[in-house]
Structures are given as structure tokens and as C-alpha cells.
Amino acid sequence: MAFVQSTRQAGPAMADASAHHGAPRPPQPVKMVVSGGFGVGKTTAIGAVSEIEPLTTEAAITEVAAGIDDVSMTPRKTTTTVAMDFGCLTLDPTLKLYIFGTPGQDRFGFMWKDVTAGALGALVVVDSRRLDDCFPAVDYFERDGTPFAIAVNAFDGVLSHSLPAVRSALDVAPEVPVVAFDARSADSVRESLIVVLEHALTRARGY
Ligand SMILES: Nc1nc2c(ncn2[C@@H]2O[C@H](COP(=O)(O)OP(=O)(O)OP(=O)(O)O)[C@@H](O)[C@H]2O)c(=O)[nH]1
Ligand SMILES: [Mg+2]
């Protein structure tokens, strides 16, 4: 696969982990982040793709919080992430993703620095019905220089805006990938994370 070849070209830190003196090595660990606004499907995505039971920090959305959080677009949502999500995905014998999810609400923003520290890249999940909720995440990764891709979650199966329209609305750099995404589908989440990886490796090579 292309990303495996890419990791071999990226230098000693990302070297092929499988063939050293004939003994198999453990896969190269890579930290990835899943981020975005409130209720866009971050926890759902990590749960869909993780090969371990994901670690979650969900707390009930109480009536008090319902007055603060806009739950109008996610009426069936009863919990919210208060610290982080965590899951793992072995992409191949050489590469294992450790996937960290940020909390979606502004008031837990103090967690972001710790959750995102040292990540190779980030997937910013966007609800196509409320694009502006992802601005803080896009601003955050643009500012700290972490390579990111935009994953547009259709929710009801239909994108409210085309991918070019989303790109234009978010005003991200032309090289930032913008892909359609279903947070409930392991294949979709996996493919999107690979897009982030390839983008990060391209950036690391200076293209
Ligand atoms: N129909 C549909 N529902 C989704 C999809 N992704 C997530 N959901 C639902 O949307 C709600 C929010 O999903 P979460 O995964 O909790 O969202 P989150 O981004 O982790 O939320 P916070 O951590 O609170 O910001 C849940 O009820 C999910 O079941 C999707 O692709 N389609
Ligand atoms: Mg969550």
C-alpha cells in the first residue's frame, strides 16, 4: 500500500519495522487525533475503527448542560465527551495508529493541548449541516502546524454541501484533503485516517 512505502522513505523514525535481522519488530506507533466541533461523530468514529474496546470519557448531557450545549441538531445525543477518546488501529504489520479524540465542547478546550501533543496528524470531523462548528479545530491545527484533513460527515446520508463548497467555506489551504466520511463505518474512518497519514508524510517530505 502507498502509505507503507511512504513510511519507508520518511527516514529512520518511520523506518520499515518488519525486517530487522529477520526478527519481526512491533509496529511503529503513530499518534493520530480525531477532532472537530460538538456532536460531529468523533467518539462514534473512534469506536467504529478501534480494534480494542475504545476508552471513552462520556458524561450524561443533563438538562442544565442542554441549556449550554446546542443539541438541536443531535436530538438523540444523550452523552458528551468530557476529556478524551482513545482507540487503536493496526494498519499493517509495520504501523499502528494510537487514535486520540478531543472533547467537542469549548469548555473542555483546556484538554486539547495534552490530547493532541505529538500527533503526526489530525482528522477534523465536520457536520455538513453546521460547518462553522469546526472553525476552532481548523484554527487550532493551522496554528500549531499539525497536518490535518477534513472529514465531512453526511449524517443523514446526504451531504448538505458539496466537498468543493465545504472547502471553499472553510477556506483551508489547497493541499488540505477534504473527504466525505461516515463516522459509523470502520472502512470510512480507516480510509480517512490513511488520507491524513499520506498528507502528513507528503508535508514531512516538504512537497
Ligand atoms: N445518522 C448519523 N448519526 C451519527 C453519525 N455519526 C454520529 N452520529 C450520532 O451523532 C451523535 C453524536 O455522536 P458522537 O460520536 O457522540 O459525537 P462527538 O463528536 O464525539 O460528540 P462530543 O464528544 O460530545 O463533541 C450520536 O448520537 C451518534 O450516534 C453519522 O454518521 N450518521
Ligand atoms: Mg465525543
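How many C-beta neighbours inside 10 Å does Asp171 have, and does Asp171 count as exposed or buried? Keep that for the last stop.

Before you click anything: this is a predicted model, where local features need pLDDT of at least 70, side-chain atom pairs count only at pLDDT 80 or more, and totals for chains, interfaces and linings use all residues. Residues are numbered from 1 along each chain as its sequence is written, while chains are lettered from A and ligands numbered from 1 in the order in which they are written.

**Whole chain**

Helices (H or I, at least four residues) and strands (E, at least two) are DSSP runs, numbered from the N terminus. Of the 207 residues, 34% are buried, meaning that 20 or more other C-beta atoms lie within 10 Å of a residue's own; 12 or fewer makes a residue exposed, anything in between partly exposed, and C-beta atoms are placed from the backbone. Take contacts between residues at least 6 apart in sequence: 70% of them join residues at least 24 apart. A contact here is a pair of C-beta atoms, placed from the backbone, within 7 Å.

**The sheet**

Now select the six strands of the open sheet, in the order β4-β5-β1-β6-β7-β8, with mixed pairing. Two strands pair if DSSP finds at least two bridges between them. β4 (85-92) and β8 stand at the edges with a single partner strand each, so one side of each is left without a neighbour in the sheet. From one strand to the next, the twist averages 25°; axes are lines fitted to C-alpha atoms, for helices over the stretch in contact, and angles run from 0 to 180 degrees between N-to-C directions.

Zoom in on β1 (residues 28-36) and β5 (residues 95-101), which run parallel and share seven bridges. To see one of these pairings, pick Lys31, whose bridge partner in β5 is Tyr98.

Bring up α7 (residues 186-204) next: this helix lies across β1, β4, β5, β6, β7 and β8, at about 130° to β6.

**Strand β7**

Select 148-153. Six of the six residues of β7 are buried, so this strand is largely enclosed by the rest of the structure.

Six bridges tie β7 to the parallel strand β6 (residues 121-127), with Ala122 partnered by Phe148. Follow the chain from β6 through helix α5 (residues 135-144) to β7 and you trace a right-handed β-α-β crossover: with the strands pointing away from the viewer, the path from the first strand over the helix to the second runs clockwise. β7 also pairs with β8 (residues 178-181), again in the parallel sense, over four bridges; Ala151 has Val179 as its bridge partner there.

**Ligand 1**

Show the 19 residues around ligand 1; Gly41, Thr43, Thr44, Thr81 and Gly104 come nearest. Near means a C-beta atom, placed from the backbone, within 6 Å. The elements giving two or more residues to this shell are α2 (42-49) and β3 (79-81), and α2 gives the most, with three. While α2 is selected, note that the helix lies across β1, β4, β5 and β6, running at about 40° to β4.

**Last stop: Asp171**

β7, helix α6 (residues 163-170) and β8 make a right-handed β-α-β unit, and Asp171 sits in the loop between α6 and β8. With 8 C-beta neighbours inside 10 Å, Asp171 counts as exposed. Check its backbone too: phi is near 55°, a positive value in a residue other than glycine. Most residues other than glycine have a negative phi.

Conventions: Contact = placed C-beta atoms within 7 Å.
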